Amino acid sequence: MGVVALVPAAGRGERLGYGMPKALVPVDGVPLLVRAVRGLLEAGVRHVVIAAPPSDVATVNTVTAPLAQAGGAVHVLPGGAERSDSVRLALEHAVREIPGTTIVLVHDAARAFTPPEVVRAVIDAVAAGHPAVIPVLPVTDTVKRVDPEGVVIDTPDRASLRVVQTPQGFDAAVLLRAHGSGLHATDDAGLVERMGVPVVTVPGHQDAMKITTKFDLAVAEALLVGSAARGAQ
Ligand SMILES: Nc1ccn([C@@H]2O[C@H](COP(=O)(O)OP(=O)(O)OP(=O)(O)O)[C@@H](O)[C@H]2O)c(=O)n1
Ligand SMILES: C[C@](O)(CO)[C@H](O)COP(=O)(O)O
């Protein structure tokens, strides 16, 4: 089973406003990207392809080199203008350069605290024969659809809604076809869905939240303090 993880990490992190690409922002001295890749390696992934901010490829190589020494192969290449471009570039690299790639995970560097159990659950479900697998959480707020003026259209039944996380896992050939389809979506499973391929869900985890804003970063720092305190008990 050849599992390769693609890590889109080329975003600018404008909403976080830290003055550097978000993937390199440290939490307790360790960049988000390093934490995300470490989680994948801990889950048993052996090849990780990182789409880095084009101006920071050398820095990303430097910060991730020690991870490769710890038993995984880490490949770094420049990402693209949009997240989907970064994923496509990393996918093309994986298919070209890593023989035997059969299962592909796509995992946001920004979801740096995703527990390895979530990664393993996604891999296991793809290995069991599902062509596309995503981790999800229930929606805890009431959600409304609104028109461009902000007037409510309706209230979808939240029992059928889910919040979607990463890693998203795919049969490699299916993901390659999805990225060559010319379709657009905000996540990789969205492309696969539009091709009519079934996408199944596994339970996500609150710690797999996407660090987007300063508030999210503060939550991540609190999570780390909490887990250090639990470890010391
Ligand atoms: N051109 C891009 C844009 C985003 N990403 C990655 O996709 C993931 C999800 O994107 P998001 O969290 O929205 O990050 P940013 O694009 O950096 O955020 P912002 O919109 O605030 O700049 C991140 O790991 C980000 O680095 C990427 O690889 N290439
Ligand atoms: C892939 C994703 O993290 C699933 O929730 C999300 O769609 C990424 O969205 P972004 O707007 O590119 O950050």
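Glutamate 97 and arginine 96 form a salt bridge, and their closest N and O atoms are 3.4 Å apart. This is a predicted model, and a search of the whole structure finds eight salt bridges.

- Another pair is aspartate 154 and arginine 145, whose closest N and O atoms lie 3.0 Å apart.
- Aspartate 154 has 31% relative accessibility and counts as partly exposed; arginine 145 is also partly exposed, with a relative accessible area of 44%.
- Salt bridges that share partners join Arg83, Asp108, Arg111 and Asp188 into one network.

**Helix α3**

- Helix α3 covers residues 83–97, which makes 15 residues.
- From first C-alpha to last, α3 reaches 21 Å, close to the 21 Å expected at 1.5 Å a residue.
- Which residues of α3 are buried? They are Ser86, Val87, Ala90, Leu91, His93 and Ala94.
- Looking down the axis of α3, you find these buried residues within an arc of 160 degrees, so they line one face of the helix.

**Helix α5**

- In α5, the buried residues are Ala172, Val174, Leu175, Ala178 and His179.
- Down the axis of α5, its buried residues fall within an arc of 160 degrees, so they too line one face of their helix.
- These buried residues pack against β1, α3, β6, β11 (168–171) and α6.
- At the start of α5, a side-chain oxygen of aspartate 171 comes to within 3.1 Å of the backbone nitrogen of alanine 173.

**The nonpolar cores**

- How many residues does the largest nonpolar core have? The count is 32, and those with the most contacts inside it are Leu33, Val45, Val48, Ile50 and Leu105.
- The elements that give two or more residues to this core are β1, α1 (32–42), β4, α2 (57–69), β5, β6 and α4 (116–127).
- Isoleucine 50 touches residues including Val7, Leu33, Val37, Val60, Val74 and Leu77, leaving out those up to four places away in sequence.
- Another core, of 24 residues, lies apart from the largest one; Val49, Ala94, Val104 and Ala189 are among its members.

**A look at valine 119**

- Valine 119 is found in helix α4 and counts as buried, at 1% relative accessibility.
- Beyond its neighbours within four places in sequence, valine 119 is in contact with Leu40, Ala43, Val45, Leu105, Thr114 and Pro167.
- Valine 119 and arginine 35 are 84 residues apart along the chain, and their C-alpha atoms are separated by 14 Å.

Technical notes. Residues are numbered from 1 along each chain as its sequence is written. Chains are lettered from A and ligands numbered from 1 in the order in which they are written. This is a predicted model: local features need pLDDT of at least 70, side-chain atom pairs count only at pLDDT 80 or more; totals for chains, interfaces and linings use all residues. Side-chain values use heavy atoms; hydrogens and water are left out. Helices (H or I, at least four residues) and strands (E, at least two) are DSSP runs, numbered from the N terminus. The expected span of a helix is 1.5 Å times one less than its number of residues. Buried means under 20% relative accessible area, exposed over 50%, partly exposed in between (1.4 Å probe, protein chains only). The arc is that of the directions from the helix axis to the C-beta atoms. Contact means heavy atoms within 4.5 Å. A polar contact is a pair of N or O atoms within 3.5 Å; within protein, one must be able to donate a hydrogen and the other to accept it, and residues adjacent in sequence count only if both atoms are side-chain atoms. A salt bridge is a side-chain nitrogen of Lys or Arg within 4 Å of a carboxyl oxygen of Asp or Glu. A nonpolar core is a set of buried Ala, Val, Leu, Ile, Met, Phe, Trp, Tyr and Cys residues joined through side-chain atoms within 4.5 Å.
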